[in-house]
Amino acid sequence: MRDDELLTVPEAMARLKIGRSTLYDLLHTRNLASLTIGRARRIPTHALDDYIQRHLEEATR
């Protein structure tokens with residue numbers, strides 16, 4: 001997967017193994033970055049990687 005790939009909401013849900021409402025909660029609280037193209041919400045793969053890394057760092061504190 002390329003670093004600059006944009007994922008749809010269902011693709012991001014599958015990658016994080018979370019539900020739709022949980023993903024939208026992360027987006028609305030700005031814990032996960034996204035962009036809107038027209039009416040379509042897209043999540044950059046690097047945003048998922050950053051989110052995972054932040055939570056791993058917090059878990060080791």
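Predicted model: local features only at pLDDT ≥ 70, side-chain atom pairs only at ≥ 80, totals over all residues.
Author: Residues are numbered from 1 along each chain as its sequence is written, and side-chain values use heavy atoms, without hydrogens and water.

Reader: Why is L35 called partly exposed?

Author: Buried means under 20% relative accessible area, exposed means over 50%, and partly exposed lies in between (1.4 Å probe, protein chains only). L35 has 32%, so it is partly exposed. L35 sits in strand β2, residues 35–37. A strand is a DSSP run of E, at least two residues; a helix is a run of H or I, at least four; both are numbered from the N terminus.

Reader: What makes the nonpolar surface patch?

Author: L6, L35 and I37 make it, and its area is about 230 Å². Patch members need over 30% relative accessible area and no salt bridge; nonpolar side chains (Val, Leu, Ile, Met, Phe, Trp, Tyr) are joined within 5 Å, like charges within 9 Å. A salt bridge is a Lys or Arg side-chain nitrogen within 4 Å of an Asp or Glu carboxyl oxygen. Areas come from the Shrake-Rupley method with a 1.4 Å probe; for residues, only the protein chains shown count as cover.

Reader: Which residues of α1 are buried?

Author: V9, A12, M13 and L16 are. They cover an arc of only 105° around the axis, so they lie on the same side of α1. The arc is taken from the directions from the helix axis to the C-beta atoms.
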